[in-house]
Amino acid sequence: MIAAAAALLLSPLAAFPKSKAPAQPPASWELSLEAGRKLSWERTFKSQSEVNPVRGFWTKVIDVIAGEPDYRFMVRPYSIATDSRGRVVVTDPGSGGVHIFDFTEHKYKFIQRLGKSKNAMRVPQCVAIDAQDNIYVTDSEGGAIFVFDPAGKFLRAIGSLKGGEGYFKRPTGIAVDSAAQRIYVTDTLRDKVFILDMQGNVLQTIGKSGDADGEFNLPTDLRLNGPNLLVVDSMNFRVQVFDRSGNFQYSIGTIGDSLGAMFRPKAVDVDSEGHLYVVESSWGMVQVFDTKGQLLYYFGARGNGVGQFQLPTGLSIDHDDRVYVVDSYNRRVQVFHYAGLKEPAREGLK
Amino acid sequence: MVQAGFLLLAYPAAAQIKFDDFRANLSGNVSTGYSADFGNAAASDHNWLVGGDANLSGSYYTPNFVAYDADFYMNQSRANSNFQSITNASGINLNTTIFGGSHFPGALNYSKAYNKEGNYAVPGLANYVTDGNSDTFGVNWSENLPGMPAFSAGYQLGSSQYSVYGTNDEGTNAFHSINLHSGYTVAGFNTSGFYTEGNSKAEIPAIVTGEVVTDTKSNNDAYGFNVNHILPWRGSASSSFNRSTYSSNYLGTSTNGTIDLLNTSAAVHPTNRFSLSVNADYSDNLNGQLIQSVVAAGGVAAGLNSNSSSDSLDLMAIGSFSLETNLQATATVERRTQSFLGDDYGVTSIGGSATYSRKILQGSFNASLMMTENKADKNGQDNLGFSSTENYNTEIRGWILNGQFGYAQNVQTLLVTYMNSYFNYSGNARRKWGKIFFGAGAGASQTGLSSQPGTTSSSQSYNASLAYDSWFTFTGAYSKSSGQALATGAGLVPVPIPTPVLPSSLVTLYGGDGYSFGLATGRVKGLILSSSYSKSISNSASNSVTSDNMSSELNVLMQYQFRKLNLTSGYSRLDQGFSASGSQPQTISSFYIGVSRWFKFF
């Protein structure tokens, strides 16, 4: 396993040299990894128009006469999640809403609750999806969590207090455990992770301010993976792993400005082989670690070409190992496909 | 024509133009439709109209080198767009910046309008509607090299011609001005100098002056110097000298003069809570200052005595002390002496003021109070000056409330022999109940010279709005106004100096009231229906000519947007009349139905 990890580490570093001035990127690329593994770039999308790119004859006639529709596009996308139907849900604090891209059914929906007299959603920050494909969105400014059904209809707000105040100081990362009926929320300014029941009652909190194991300094994104809860502890420059009851397991990452270190970690997710993908925002890349914190490989560089990023912020890996990276400043999402070993190791993080 | 219009609408969008270092973007609306105009003062006509608007913007090399922005419009009116003209106006607005990112930035602007609706201003009431052409041109350039004297120069030129609906009167305005400014810091002294030269010419419509068309010309030149230096205790001292010359010509009668103004001041802040400042102003021609105020406002000053010598001296000291973070107090001592119309006047004022703020009932309250004892050199002219302002805003049970009140008695004017008194108040409230929004406001003001009957100007205004989601928005307003004004080429403007100084022939009395309603709905996606009606009835009196005036407007607009295509239909009607004109009130109506298509050409 260690040898495999080392081999994984060696090959891509040569394939993706870190360059300060990004060269003209290729139209697409593929990264060959150890033992026949591959990471290939699949596509990029940034607006509603890409949900249904093929337009019929009469649609084109109407386009000429009346002009193309005013498609919605991402302004400052931040977080991303995928549901069981393959739909991609992206929060966009820049436009004050949430985009739902359904590339299979060629449908698009935009959820917005700005300016509502009751339960207004001001800054949709992070998103999670439960087993029924309900959508959970944290409002980092409003201090609440908004729940929508799969069609985007507002169901309820959690933590929304009287007078427009929110229970949370700055809720950011969110994850939902449908089986246990639990919601995990990061409150960045409180340096805590809250565990809630589905009605929003606080069952438990994890962590406090500090830099020891199990303590946080401005935690942001979090993910559930198998029995574990992964928390991006951004200003301690690490990712901490807990069990679902909040007991500390281990952490990876140290501060630094070289490969393998963390400087501005923003988001985390895990592929089918248990590798941790950590978005490194300021360097415009994604670093992939094993569970011992050993860097396996990385991809990306600062720029606006294919496979390049400007302040990437969110990341999600679906069940087919498609890696969705929110390329925030380029106002787009880039999709990669990781072709790993056939036997999944998704539950084997320990 | 019809086919040409639809061909234009189907013109496909092209890509952005980028040729070497030249970049250009062009977007805009192309419209075509059926239009009809009719009224009682002109023959009715109808035709198929092609119009639109466009914006061309871009840069050469970088936006910091040369950047430009041009707006074009053709045949735009209230009936076929949101353009605020009852007529089919056309024109261009052009703005260019050159070397914007360098030490030598410059700017050029030019605008020209044809057949465009304008206003002849009436204080506090709906303005008279005019129709005319105008053009303006301006160029500005400056130099800001580090360590070198800064310099800026500007030149402006403009003219307009208009006719007032409902009369046979026409008016014109023309002006040009030059301004130069320079500043330099040497040995801790901040020095600056300026030169300005400007002249204007106006023909004022007879309807407000009682004359045949009144022809006025005026010229103002000035230059000056200023120097200031930092003092200990976080203080500064400054001195300035300004010399200005003016000339005014009214129906062949000329007035001219020269004014020298000297100012020196100093201020120190020995502690965070205490500051002290002293100020001295001297003018060698108080008479000229009065005339210049009138000329600067756009009025005429014929008949004012400009030959007799006059001067004024104003010495003032102010001490300020911060008692608490929310309570500040000041004490003032002032001595003003003036020589005017062969008499000497003087007044010594001792005063104090306080400003206070605090939270009351979850709201914010601010107040200021000032009292001044004015002791005149001449017996029987002593008085007590007083002024006060209060405002309060809060939110109570969902109501957002704001109120303001101001009152003043015996506030000094440019002449020590005249004191001003006024009051004003305003308030507004708004609230939302779910999808229902309601707002209302009211305000009033009155100002006049103390103990001088017949110098009062007053106004009142009330407004309300009610909306239910996107179903409808209803607005209503009422205003009432009366007072004394100067007739200028641009309209009636408040008299800038005590009116008894002005010959009565130069003062226009006005009064009247007006109301307006508006109703709009945007319930159906893409569909906007709006209508508005306003009516104003007023009277004016000048040179023994009295006129009863009426102006009303009705506008109805329907717009349906599908993507970048708009179906527009509108109706506008204007009725305006003046009894003194000898003509019957003019009615002009226009109707339009057509389509427009927005393009991003490149």
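In chain A, strands S19, S20, S21 and S22 form an open sheet in the order S19-S20-S21-S22, with antiparallel pairing. The model is a predicted one. A second open sheet of 4 strands, also in chain A, has the order S3-S4-S5-S6 and is antiparallel as well. Strands of a sheet pair through backbone hydrogen bonds, in either a parallel or an antiparallel way.

**Sheet S19-S20-S21-S22**

- The sheet is made of 4 strands of chain A.
- Its edge strands are S19, covering residues 265–270 of chain A, and S22, covering residues 295–299 of chain A; each of them pairs on one side only.
- From one strand to the next, the twist averages 20 degrees.
- Strand S20 (residues 276–280) and strand S21 (residues 285–289) of chain A run antiparallel and are joined by 5 bridges.
- One residue pair links A:Tyr277 with A:Val288, its bridge partner in S21(A).

**Sheet S3-S4-S5-S6**

- This sheet, too, is built from 4 strands of chain A.
- Strand S3 (80–82) and strand S6 (107–112) of chain A are the edge strands, and each pairs on one side only.
- The twist averages 15 degrees from one strand to the next.
- S3(A) is connected by 3 bridges to strand S4 (residues 88–92) of chain A, and the two run antiparallel.
- A:Ala81 has A:Val89 as its bridge partner in S4(A).

Conventions
Residues numbered from 1 in each chain as written. Chains lettered and ligands numbered in written order. Predicted model: local features only at pLDDT ≥ 70, side-chain atom pairs only at ≥ 80, totals over all residues. Pairing = 2+ DSSP bridges. Axes fitted to C-alpha atoms, helices over the stretch in contact; angles between N-to-C directions.
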